[in-house]
Amino acid sequence: MMKRIVILAISFLYSTLAYSISVSIHIYADKTFSSVILAPLNATYILEGDGKRIDSCTSSSVYSVSIVNDSLVQVKNLDRVIGIFSRIRLRGYGPRNQFFLKLSSEKNNRLYDDDISISADKPNLKLLSIIDLEHYVSGVVQGEAGLRRPPEYYKVQAIICRTYALNNLARHINDGFELCDLVHCQVYNGVSKNPDILNAVEATKGIVIVDANNQLINAAFFSNCGGQTLNSEDVWNSPLPYLKSRPDTFCLHQPAAVWQKLMLVSEWNNYLTKKEKGLKCDTTKSYYDTIPISKRVYLYDKGYLIPLKEIRGDLNLHSTFFSITKTDNTVTLDGRGYGHRVGLCQEGAIHMTQTGYNYQQVLHFYYTGVQLIDYTLLPSSGFN
Ligand SMILES: [Zn+2]
Ligand SMILES: [Zn+2]
């Protein structure tokens, strides 16, 4: 009996500790500002200045934080100056802690989970959201997948976003935080209130994708592959065993499946000439009809090679998957898909879940030879 109680106590402790990992996210990373307003939603916060308690929050506390002397922050509760510090932190201690944040330059406020740390980053303030990984994942799922998706699809996205976060914690190692809230890392605009997203994150709590060697994968995804995904090495430098080209019919009738761009022949010629001196649009060549599916470069005339990736960037195309045809004055680029096309095709995955596939089947369809495991079981991960 005693043994059983001890085991129960240990497993309770384990399950509580196992998910206590928090991440630090630089929020409003693309904005510059010198003051913010903080308003705790719950009374389960204390305010710290340079590591010491400086105020106990109520649910009607409103703090304004602004920069002084380029390196310090001043905190006021309404008009009362609480003090001037190098760093302040709103620290939550309840089961769920949320606060509103508003930049003086922005019209709308945002709701965030857990803690925030504010310091001066001359001449601006720097805001770090210190947040439980699972809370962060729910915000990111909304930022990356949007609203009105199938509930099962949100599970797919939650596992991808969790895997991405844990695999990229060192991305901003020299900046003093782990991830930013922009496309550069993952889009994160605060709390998601969508019940389908919250349920999906809860249902997949802790699950990540690993390769055959139990290493977190680079869970790359994009909008639509146009019918064929690409190998990692077709787009980036190194081949990865789980990022393999594969046909995909699930996305073919989805919104981003096809695109078209029309250009004047003179515009197209100007572009080619700028790119490679002497290149010209030659209507007699059959390459206008080819659709390069998984080739890294676009082969042009007389041995010239222009990487498709460059053409996509230069002309702002949705993908590198297109054919070219020419009529009298016009060159038409008929394209398929949207994005880099390596890894999981979001519109294909959405359609799969709409037609009855579960999240495990979707992830195994797009990522070759992977496994889904709890991240606390990762070998020498430091997460357990
Ligand atoms: Zn980043
Ligand atoms: Zn696809």
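This report walks through a predicted model of one chain, from its overall make-up to a few local neighbourhoods.

## The chain as a whole

The chain has 384 residues, and 37% of them count as buried. Its secondary structure comes to nine helices and 22 strands.

Contacts across the sequence are worth a look too. Taking contacts between residues at least 6 apart in sequence, 65% join residues at least 24 apart.

## A hairpin and its neighbour strand

On its way, Glu-48 stands opposite Arg-89 in β8.

β3 also pairs with β4 (residues 52–56), again antiparallel, through four bridges. Here the bridge partner of Glu-48 is Arg-53 in β4. β3 and β4 form a hairpin with two residues between them, and Asp-50 in that turn has a positive phi of about 50 degrees. As background for these pairings, strands of a sheet pair through backbone hydrogen bonds, either parallel or antiparallel.

## Where helices α3 and α4 meet

Helix α3 spans residues 151–167 and helix α4 spans residues 195–203. Their axes come within 8 Å and cross at roughly 55 degrees, so α3 and α4 are oblique to each other. The crossing of α3 and α4 is right-handed.

If you want to find this contact in the viewer, look on the α3 side for Pro-151, Tyr-154, Lys-155 and Ala-158. They meet Asp-196, Ile-197, Asn-199, Ala-200, Val-201 and Ala-203 in α4. The residues of this contact divide into seven nonpolar, one polar and two charged.

Next comes an open sheet of three strands in the order β16-β20-β19, with antiparallel pairing. β16 (258–264) and β19 (322–326) stand at the edges with a single partner strand each, so one side of each has no neighbour in the sheet. Direction ignored, neighbouring strands of this sheet are turned by 20 degrees against each other on average.

β19 and β20 (residues 330–336) run antiparallel and are joined by five bridges. Within this pair, Ile-324 has Leu-333 in β20 as its bridge partner. Helix α6 (residues 265–275) lies across β16, β19 and β20, and runs at about 90 degrees to β16.

## Asn-329, in the loop between β19 and β20

Is Asn-329 buried or exposed? This residue lies in the loop between β19 and β20, and Asn-329 is exposed, with 9 other C-beta atoms within 10 Å.

Which residues does Asn-329 contact, leaving aside its neighbours within four places in sequence? They are Leu-264 and Val-265. Asn-329 and Leu-264 are 65 residues apart along the chain, while their C-alpha atoms are separated by 5.7 Å.

## The enclosed helix α8

Eight of the nine residues of helix α8 (residues 346–354) are buried, so α8 is largely enclosed by the rest of the structure. The buried residues are Gln-346, Glu-347, Gly-348, Ala-349, Ile-350, His-351, Met-352 and Thr-353. What covers them includes α3, β15 (221–222), β21 (344–345) and α9 (359–366). After α8 comes Gly-356, whose phi is positive, near 105 degrees.

The axes of α8 and α9 come within 10 Å and cross at roughly 145 degrees, and this crossing is right-handed. The contact is made by Ala-349, Met-352 and Thr-353 of α8 with Val-362, Phe-365 and Tyr-366 of α9. These residues divide into five nonpolar, one polar and no charged.

## Ala-220, in the loop between β14 and β15

Our last stop is Ala-220, in the loop between β14 (207–210) and β15. Ala-220 is buried because 23 other C-beta atoms lie within 10 Å, and a residue counts as buried at 20 or more.

Leaving aside its neighbours within four places in sequence, Ala-220 is in contact with Leu-243, Val-342 and Gly-343. Ala-220 and Val-342 are 122 residues apart in sequence, yet 6.3 Å apart in space, C-alpha to C-alpha.

Notes. Residues numbered from 1 in each chain as written. Chains lettered and ligands numbered in written order. Predicted model: local features only at pLDDT ≥ 70, side-chain atom pairs only at ≥ 80, totals over all residues. Axes fitted to C-alpha atoms, helices over the stretch in contact; angles between N-to-C directions. Parallel < 35°, antiparallel > 145°, perpendicular 65-115°, else oblique. Left-handed = near helix turned anticlockwise from the far one by under 90°. Contact = placed C-beta atoms within 7 Å. Nonpolar A, V, L, I, M, F, W, Y, C, P; charged D, E, K, R; others polar. Pairing = 2+ DSSP bridges. Buried ≥ 20, exposed ≤ 12 C-beta atoms within 10 Å, placed from the backbone.
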